[in-house]
Every structure is written in C-alpha cells, then in structure tokens.
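Colleague: I have a two-chain model to look at this afternoon. Can you put it up and take me through it?

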Amino acid sequence: MKFFPLLWATLWRKKTRTILTLLSLVAAFLLLGLLQAANSLFSGGTQRLGANLLITQARVSFTSPLPMRHLSQIESLPGVEVVSWSQFFGGIYKDQKNFFPQFAVNADRWIATFSECRLPPEQAAAWKQSRTGVIAGRTLADRFGWKVGEPIPLLSQIWPQKDGTRAWSFELVGIFDDVTEGSCPRMGNMYLRYDYFDEARQFGQGAAGIFVIRIKDPGQTERISREIDAMFENSPDETKTQTEKEFSLNFVRQVGNLSLILNSILGAVFFTILMLTGNTMSQAVRERIPELAVLKTLGFTNRMVLLLVIAESLLICVIGGLAGMGLATLVMQGLAQSGAQFPPITADARVWQLAFASMFGVGIVVGLPPRISIVDGLSGR
Amino acid sequence: MSAGIVQIRGVTKTYTRGKQSVEVLKALDLDVAKGDFLSLMGPSGSGKTTLLNLIGGLDQPTTGQVIVAGERIDNLGASALAAWRARHVGFVFQFYNLMPMLTAQKNVELPLLLTNLSASERAHRARIALTVVGLAERATHKPNELSGGQAQRVAIARALVADPTLLVCDEPTGDLDRKTADEILGLLQTLNREHGKTIIMVTHDPKAAEFATHRVHMDKGALADEPTH
C-alpha cells in the first residue's frame with residue numbers, strides 16, 4: 001500500500017493522455033458489454049426457454065399452417081405430457097410502433113403447457129368465460145400501463161375478420177407473472193382465445209400455426225421430435241419438430257446470421273481499440289525508462305520496478321474496463337426497462353470472464369518494460 | 001589518509017557496441033578514504049562516469065575488484081546490488097532526475113519507501129533532509145515549479161535522506177549557472193565537512209573541482225596522475 005501514492009501520481013503524470021486512454025478503454029469495454037446485448041437479442045432470450053418444450057411447425061416454413069388433426073396423433077405419443085397450439089396474430093396496438101407478439105391459443109391448454117407462468121385462478125376463469133378476453137404478461141401490461149378490464153384494440157397485419165375489417169377488439173381479463181423469478185420468458189406477449197379468433201377470421205379455419213408440446217422427460221427430446229416428424233413423413237403436411245430454443249433461434253436466423261455479423265464487427269472494433277490503447281500505454285511506459293532507471297539507482301530492484309509498472313497499467317485497465325462494463329450494464333438495464341422489443345438481458349459470466357481476461361492481459365502485456373540496464377536507461381538509450 | 005571506503009583493484013571495463021569493442025577503463029587502481037571529497041576530472045570519453053557507475057554499483061567491471069563500504073560489489077547479483085545501493089549510495093545527477101509528478105517532499109521520500117519506516121517517519125525524515133539543503137519551504141512544490149538550483153538541492157536531499165555511506169555526483173553543476181553552481185558545491189562541501197559524508201564527484205569544471213579535498217585526473221581510461229590536494 002505504501003507504493004500506491006507513487007503509483008497513483010505516476011498514473012496522472014500526463015492527465016490528458018490518461019483521460020483519453022481511460023475513455024478509449026471505457027469505449028472498448030462498453031462495446032464488449034454491448035456484445036452481450038447483441039447476443040441476447042439474437043438468441044431471443046432463449047437461455048430461459050424450457051428444455052422440455054418442443055415446437056412442431058410445417059416442414060416447409062413456420063408460416064405454413066398445420067391441420068388440427070395432427071393434435072390427437074401427437075398427444076398419443078408416449079412421453080408427451082400436454083399439447084397446445086398457437087397461431088401468430090400479428091396485430092398493432094393503436095400505433096405502428098406498438099408492436100408486440102400476440103398468439104391465438106386454447107386457454108386450458110395454454111395454462112397446462114406454460115406452467116412456468118402464473119395466471120391467478122380468478123383471471124384464468126374469466127379468460128375461459130370471455131371469448132374476446134385476452135391475457136398479457138406483466139412486462140407488456142406495465143409497458144402500456146394496462147389494468148385488468150382494459151379494452152385492447154388491435155389492427156391485425158395478417159388476419160381480417162369475415163366482414164373484411166382488420167380491426168379487432170379485445171378486453172384484458174388477466175395478467176400473468178413469473179412463478180419464480182425469471183421463470184416465464186413470455187412476459188412481453190399477449191394471448192387471445194383461439195376459438196373466437198378461428199370463428200371470426202376470414203380464412204384459414206381449423207389450422208394451427210404451430211403445436212407446442214410439453215414432454216415429461218427433457219432427456220427424451222430427440223426421440224419424441226424424431227417420432228413426431230416420422231408420423232407425418234410423406235403426408236401433405238410434413239412437420240419439423242425442434243426444441244423451443246432452437247425454434248426461436250431459427251426464427252431470428254430468418255433475417256440472416258446477423259448475430260455473427262454484428263459480433264464480428266463489434267469484436268473487431270473492441271480488439272482494435274484495445275490494441276491501440278495498449279500501444280499508447282506501452283509507449284508511455286517506454287518514455288519513462290529514464291525514470292525507471294532512477295528508481296533502480298535508489299535501490300528499487302528490477303522485480304519491484306516491473307511490478308510497479310504492471311500495477312500501474314493494470315490499474316488503468318481495470319478502472320477503464322469496469323467503467324465500460326458498468327456503463328454497458330446500465331445501457332442494457334435501460335433497454336430492458338424501455339419496454340422495447342428486447343429480450344431480457346442477463347449477466348453473462350462468459351462476457352465478464354472475457355472482460356477480465358482482456359483487462360489483465362492488456363495490463364500485463366503493455367506493462368512489461370523492455371529489459372534495460374540502469375546506465376543505458378539513465379543515458380536515455 | 002583514513003581507512004579506504006572505496007578500493008578499486010585492476011578494474012577494466014569493455015563495452016561492445018555492434019561488432020566493436022571499446023576498452024573504457026584499463027587496469028585501474030584507486031582508493032578513496034572515508035570522509036573524502038574526491039573530484040574526478042578529465043576530458044569526455046576518459047572513463048570518469050564509467051568509473052563512477054562502478055563505484056555506485058550501477059554497472060559491473062569486465063575484470064577486477066570493486067570494494068565499497070567493506071563489501072565486494074563487482075560480483076553481486078542484480079537484487080543484492082540494488083539492496084546494497086539502497087543502503088550505501090546516494091546519487092546526484094546532472095539533470096536532477098526527479099520524478100516530475102511528485103512534490104519535492106515525495107521525491108525525497110522515495111528511497112525511504114524501501115525501508116520499514118512508517119509514513120509519518122518517512123515524511124519527518126524527508127522534511128529534515130529538505131531543511132539540511134535549505135529547501136524546507138518548497139516541500140510541496142513539484143520539480144517544474146522549482147529553479148535548476150532548487151531542483152538539484154531536492155536531488156541532494158533525496159540522495160541524503162537514507163543516510164548513505166557515500167554520495168556519488170555526476171556533473172552535479174553541469175546544468176547550472178556559475179552562482180547557483182557555487183551554491184550547490186558549497187552545500188556539498190558543507191555535507192562533507194560538517195556531516196562527514198564521503199563524496200565522489202565527476203566534473204569537467206576546474207572551478208567545481210576546487211571545492212573537493214582531492215582531485216584525480218583521468219585520461220583514456222586510466223588515472224593520469226596521483227590524487228592532488
């Protein structure tokens with residue numbers, strides 16, 4: 001600790017350079033933190049999706065409907081606990097910018113399938129009673145300040161009613177929550193009654209967008225998926241069954257491998273900034289070789305001088321790195337609370353590991369002064 | 001002459017720069033008595049700074065023995081030599097070599113960081129050293145707020161603060177005007193006469209050399225004559 005004032009004073013010997021170096025490090029680690037956000041965005045928050053949920057969609061595309069007759073056949077398979085189905089509704093709430101996912105579902109089956117989401121019993125009963133009733137996740141309800149009883153007008157981008165209008169009127173009858181902290185990854189969604197939707201829509205009756213299958217044993221995922229798809233092989237409605245996580249990832253991948261592209265760009269920028277900053281810091285160390293030589297004349301050993309220089313560069317890297325990662329955390333929290341279409345971003349240990357490895361790696365590498373004799377150091381050679 | 005604090009025996013020093021070898025010191029012998037103020041003079045390239053570096057434990061000879069303060073230092077390892085320097089030698093350089101980001105007080109405290117003294121004891125001793133060199137009132141000033149003479153006084157205080165056996169000065173007045181140089185040399189003389197410090201000083205300046213009790217002339221890596229009084 002007695003060396004800390006020396007360390008601190010040395011760090012600030014050129015204030016402008018130190019501040020610029022710190023800002024560069026903050027920018028680099030902010031980018032690294034935002035990589036986490038990008039990864040969360042492109043994984044669609046899939047890390048919290050259940051391992052025991054399978055999605056069966058049409059083999060050609062998830063936009064092609066599947067006949068309801070598949071339901072009983074899927075239910076008959078050993079290991080299947082409950083099967084639900086859903087149809088994407090694609091509605092806009094009041095304004096184009098207010099888009100959020102809505103699905104037409106069977107109320108009883110939804111409650112049985114998504115047991116990690118908790119809908120109060122009286123609200124569940126109200127939903128079953130009201131054909132135009134809808135339920136929303138807590139995040140979505142908070143985003144628009146909805147209370148139970150709120151009228152929800154939606155303009156569907158896909159489904160007109162039989163009279164040709166795309167305007168649909170619903171009423172919020174329930175708000176669902178997590179069963180345990182973070183257990184329900186559907187809190188930004190809204191669910192409407194399939195029976196009402198199916199009767200009222202202009203076309204496509206009797207078909208489901210996808211089937212959602214809760215299985216008893218997550219270890220049976222592969223077998224059941226294979227058996228479901230085998231049942232409908234060579235039929236007019238072939239299927240593709242996968243885990244909910246894989247389904248979500250494939251959904252995002254429809255727009256191309258943006259995750260890879262974005263990660264590559266951010267990663268390249270991060271390491272470029274880091275290398276440039278490291279170079280500046282390294283240059284600063286070399287400029288001070290005469291001073292380091294003076295310390296040696298006073299009796300500081302080579303090892304002590306080395307440790308002092310490394311400690312100094314580590315200090316600046318850790319300050320800049322933590323500030324950048326802290327800023328990134330604030331940005332991610334802001335995004336999560338903004339109500340935007342952004343999946344929950346959780347602290348990713350791998351990103352923090354990479355951040356700390358980068359801080360310590362750069363700190364140590366740039367802090368290594370060239371081995372030089374005192375005589376050469378004093379003469380500035 | 002009292003007991004020798006520095007004994008140089010058959011010392012040679014050869015530098016290799018690229019393919020060329022240059023013998024800077026040639027079989028040199030020298031004794032410096034305790035309490036002496038010795039001036040090393042000679043033209044550029046005569047080897048006086050090299051000799052000073054060997055005496056101060058900053059460099060090691062190619063052959064020969066260097067015994068300072070009763071210890072043979074020519075065969076010490078780097079860490080042992082660093083510890084030896086901290087105990088026995090205080091350095092004063094031509095360009096002061098103060099840490100620009102530290103105050104005069106903190107610069108003087110630097111050698112004491114290597115001791116077990118408490119922070120308050122370090123500060124106390126640094127204040128005493130600054131008082132000895134007549135610069136107590138400038139303790140909170142940084143080197144760029146001091147004149148050349150003041151900066152050199154701080155450097156002398158830093159050299160003194162750990163109470164070394166030997167003060168080694170390399171052209172200590174080379175960057176100063178005559179008046180300031182005389183003040184600094186007077187200070188060194190006082191430290192030698194009143195505090196009994198042994199001082200070895202390299203200088204080009206014959207006037208500066210007059211402040212020493214003995215003078216040695218070097219030429220082409222060897223002593224040109226016996227010490228003169």
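Modeller: What follows goes through helices, strands, the chain contact, single residues and the cores.

Modeller: This is a predicted model, so local features need pLDDT of at least 70 and side-chain atom pairs count only at pLDDT 80 or more, while totals for chains, interfaces and linings use all residues. Residues are numbered from 1 along each chain as its sequence is written, and chains are lettered from A and ligands numbered from 1 in the order in which they are written.

Colleague: Fine. Which residues of helix α1 in chain A are buried?

Modeller: L6(A), T10(A) and L11(A), in a helix that covers residues 4–11. Seen down the axis of α1(A), the buried residues fall within an arc of 135 degrees, so they line one face of the helix. F4(A) and W8(A), on the other side, are exposed.

Colleague: What are the cut-offs there?

Modeller: Buried means 20 or more other C-beta atoms within 10 Å of the residue's own, exposed means 12 or fewer, and partly exposed is in between, with C-beta atoms placed from the backbone. The arc is taken over the directions from the helix axis to the C-beta atoms. Helices (H or I, at least four residues) and strands (E, at least two) are DSSP runs numbered from the N terminus.

Colleague: And α8 in chain A, what is buried there?

Modeller: I224(A), S225(A) and I228(A) are the buried residues of α8(A), which spans residues 221–231. Down the axis of α8(A) they fall within an arc of 100 degrees, so they line one face of the helix. The face turned away from that buried side carries the exposed residues E222(A), R226(A) and A230(A).

Colleague: What covers the buried residues of α8(A)?

Modeller: The cover includes β1 (53–58), α3 (70–75), β3, β12 and β13 (239–243) of chain A.

Colleague: You mention β3. Which strands does β3(A) pair with?

Modeller: β3(A), residues 80–88, pairs with β12(A), residues 210–215, in the antiparallel sense over six bridges. In that pairing V80(A) stands opposite I215(A). Three bridges also join β3(A) to β5(A), residues 102–105, and these run antiparallel, with Q87(A) opposite A104(A). Two strands count as paired if DSSP finds at least two bridges between them.

Colleague: Sheets in chain B: what is the order of the open one?

Modeller: Four strands in the order β2-β1-β4-β5 of chain B, with antiparallel pairing. The edge strands are β2 (20–33) and β5 (71–72) of chain B, each pairing on one side only. β1(B), residues 4–17, pairs with β2(B) over ten bridges, and Q7(B) stands opposite D31(B) in β2(B).

Colleague: Switching to the chain contact. How many residues does each side put in?

Modeller: 18 residues from chain A and 20 residues from chain B. On the chain A side, α1, α11 (289–297) and α14 (374–378) each supply at least two residues, and α11(A) gives the most, with four residues. Contact means C-beta atoms, placed from the backbone, within 7 Å.

Colleague: What does D59(B) touch?

Modeller: Leaving aside neighbours within four places in sequence, D59(B) is in contact with V375(A), N53(B) and L54(B). D59(B) sits in the loop between α1 (48–55) and β4 (63–68) of chain B and is buried, with 21 other C-beta atoms within 10 Å.

Colleague: Last one. Which residues touch the most other members of the largest nonpolar core?

Modeller: L40(B), I55(B), A155(B), A157(B), V168(B) and I200(B), in a core of 83 residues. Helix α5(B), residues 148–160, gives the largest share of this core, seven residues. A second, separate core of 33 residues includes C117(A), V134(A), L154(A) and I175(A). A nonpolar core here is a set of buried Ala, Val, Leu, Ile, Met, Phe, Trp, Tyr and Cys residues joined through C-beta atoms within 7 Å.

Conventions: Contact = placed C-beta atoms within 7 Å.
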